[in-house]
Amino acid sequence: MTSKPNSTVSKDVAGLHVRDNMRTILGDIYSVDTRITFTQDKSYIGIGLWAHRAILSKYPILEYLIKQAKKNQATSTEVGPLTISIDDASLVSFCTVLMFIYTREIMRNVDPNQFAISKPHTSLVTHDTTGRLKDIFRWHPLDLDSPWNLKEVTWEELHDAAITYRIDDLRELCEAALKTSAKED
């Protein structure tokens, strides 16, 4: 009977541990610092998908969007989190992209409970100490019983998002999956 060397087992266990930690961080409403909103799908206007600037900044396109959002925020009269507006990807496809960025896993069936998702709380109005309008958020508005259940993202949608945001390893995996599904058809 052959057994794996300890270093391989340790790497496997460490990899699973890191993925589990990253999945926890992705859904942690207390540590996220960047809100991503979507204009493509009218069903999700106002819904914010949250992430961490430090992780998003590893990708040049996302880093550029963060820098643009910082510039816009500096000239705005509103205070609050940094907000990036996405108009070329859906909420569901970007959830899948974020899960890949954080964990290196592709999960095309999106469970909204694995993400920090918010909706502005329209009944509460507050101002910061300088009198500027401040957003209040209601967390996890998309539960499993929500009428907005997230659909499964297609390989084509995911591929388009990977190209748009230049996530090359995700693009390559999508291309392989598309080739495989084309052969099966």
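The axes of helices H5 and H6 come within 8 Å of each other and cross at roughly 155 degrees. Axes here are lines fitted to C-alpha atoms, for helices over the stretch in contact, with angles running from 0 to 180 degrees between N-to-C directions. That crossing makes H5 roughly antiparallel to H6, a label for angles over 145 degrees. From H5, the contact (heavy atoms within 4.5 Å) is made by Trp155, Glu156, Leu158, His159, Ala162 and Ile163. H6 contributes Leu170, Arg171, Cys174, Glu175, Ala177 and Leu178.

This is a predicted model, where local features need pLDDT of at least 70 and side-chain atom pairs count only at pLDDT 80 or more, while totals for chains, interfaces and linings use all residues. Residues are numbered from 1 along each chain as its sequence is written, and side-chain values use heavy atoms, with hydrogens and water left out.

Now for the aromatic rings. Rings of Phe, Tyr and Trp (its six-membered ring) pair if their centres lie within 6.5 Å. By this rule there are 2 aromatic pairs in the count. One of them joins Phe94 and Tyr165, with edge-to-face geometry (planes over 60 degrees apart), as the table shows.

| Residue pair | Centre to centre | Angle between planes |
|---|---|---|
| Phe94 and Tyr165 | 5.3 Å | 85 degrees |

Phe94 lies in helix H4 (residues 91-103) and Tyr165 in the loop between H5 (155-164) and H6 (168-184), so the pair ties together parts that are 71 residues apart in sequence. Both Phe94 and Tyr165 are buried, meaning under 20% relative accessible area with a 1.4 Å probe, protein chains only. Together with Phe38, these residues form one aromatic cluster.

Phe38 also meets Ser90, a residue whose contacts, leaving aside neighbours within four places in sequence, are Phe38, Gln40 and Glu157. You can find Ser90 in the loop between strand S3 (82-86) and H4. Ser90 is buried too, with a relative accessible area of 8%.

Finally, a look at the whole protein. Its secondary structure comes to 6 helices and 7 strands, taken as DSSP runs numbered from the N terminus (helices H or I of at least four residues, strands E of at least two). From the N terminus on, the order is α-β-β-α-α-β-α-β-β-β-β-α-α. Of the 185 residues, 34% are buried. Among contacts with a separation of 6 or more, 62% link residues 24 or more positions apart. The protein exposes about 10,800 Å², and carbon and sulfur atoms supply 53% of that area, by the Shrake-Rupley method with a 1.4 Å probe.

Note on methods:
Buried < 20%, exposed > 50% of the residue type's maximum accessible area, 1.4 Å probe, protein only. Phe/Tyr/Trp six-rings, centres within 6.5 Å; stacked < 30°, edge-to-face > 60°. Parallel < 35°, antiparallel > 145°, perpendicular 65-115°, else oblique.
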